[in-house]
Amino acid sequence: MTTKRERVLAALRGEPVDRVPIAFWLHNFAAENSAEGLAAETLRLAETFDWDYLKPQSRAQCFAEMWGLRYRASRERAVPFTVTHAPLDGEAALASLEPADPRAGALGEQLAALRLIRAAIGPDTPVIWTVFSPLMVMPFLMTGGREQAFSLMRAAPAAVERALDAVAETIRGFADACIDAGADGLFYATNLATRSLTTAAECRRFQRPYDLRVLAAAERASFNLLHVCGEGAHFDEFTDYPVTAFS
């Protein structure tokens with residue numbers, strides 16, 4: 001009998017399988033604001049649909065929370081959170097960014113959720129954990145969102161690179177901690193490497209070196225999935241990334 005883990009890993013190796021492994025994920029904005037809530041919702045969906053692997057839907061703002069983002073949680077499953085405070089308001093504020101403890105705060109909460117899920121689901125079901133590209137975190141930190149982040153990227157590139165260093169160091173530590181906590185790999189996401197937002201050269205400067213630093217922390221994992229999101233993605237910039245599969 002083929003187990004879920006055997007099925008998923010065989011498919012990733014390009015070997016014959018009894019059927020294509022299936023999984024699905026979605027936000028429940030009302031349930032993702034605590035370790036217990038995220039774990040319970042993940043396990044509810046796993047029991048309902050019996051998926052071959054799990055990708056728990058972490059809240060998108062958890063990384064920026066490490067540097068002071070605050071939000072008002074939603075009480076509705078399909079209504080997103082509301083930002084109440086973004087911590088960085090310009091170039092000078094970027095200089096204040098320092099690496100954070102990846103096992104504390106909001107990321108520590110994510111690790112607690114991962115441990116709860118792994119303990120409940122057992123060893124047979126692969127679990128991949130959401131990790132954002134450092135560049136993807138930057139707009140969450142800025143009072144002006146994407147527009148301000150990209151403006152600073154072009155007007156003050158050295159300041160942005162220094163901030164990305166701090167974010168990448170933190171997320172690298174978090175990626176390593178995810179594997180230690182029972183994840184089979186990362187769901188490594190970026191949604192800014194598109195032709196409408198960045199050039200290929202900007203992608204190579206502000207995305208690639210920080211991505212590779214984070215992914216190096218998960219190279220021992222068996223199932224790292226790279227999620228390149230957005231219309232007109234610079235997909236060629238990612239084809240040699242050290243990952244197991246692409247989304």
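**Pocket, cavities and a helix pair**

The largest pocket has a volume of about 210 Å³. On a 1 Å grid over the protein atoms alone, a pocket is an open set of points with protein on both sides within 12 Å along at least five of seven lines, while a cavity is a set of points where a 1.4 Å probe fits but cannot get out; lining residues have an atom within 4 Å of a point. Grid points are joined across faces, edges and corners, and a volume is the space filled by probe spheres set on the points. This is a predicted model, in which local features need pLDDT of at least 70 and side-chain atom pairs count only at pLDDT 80 or more, whereas totals for chains, interfaces and linings use all residues. Residues are numbered from 1 along each chain as its sequence is written, and side-chain values use heavy atoms, with hydrogens and water left out.

The lining of the largest pocket has 16 residues, and nearest its centre lie His 27, Gln 57, Phe 132, Met 136 and Ala 189. Strand S3 (128-132), H5 and strand S4 (185-190) each give two or more residues to this lining, and S4 gives the most, with three. Helices (H or I, at least four residues) and strands (E, at least two) are DSSP runs, numbered from the N terminus. By class, the pocket lining has eight nonpolar, seven polar and one charged residues. Here Ala, Val, Leu, Ile, Met, Phe, Trp, Tyr, Cys and Pro count as nonpolar, Asp, Glu, Lys and Arg as charged, and the others, Gly among them, as polar.

There are two cavities of 30 Å³ or more. The largest cavity holds about 140 Å³ of space. It is lined by 16 residues, with Leu 26, Thr 42, Leu 45, Pro 56 and Gln 57 closest to its centre. The second largest cavity has a volume of about 70 Å³, and its lining has 11 nonpolar, no polar and no charged residues. Helix H6 (145-155) gives the most to that lining, with four residues, and H5 also supplies at least two.

What contact does H5 make with H7? Pro 134, Leu 135, Val 137, Met 138 and Leu 141 of H5 meet Ala 163, Leu 164, Val 167, Ala 168 and Ile 171 of H7, where contact means heavy atoms within 4.5 Å. These residues divide into 10 nonpolar, no polar and no charged. Leu 135 and Met 138 are also among the residues that line the second largest cavity.
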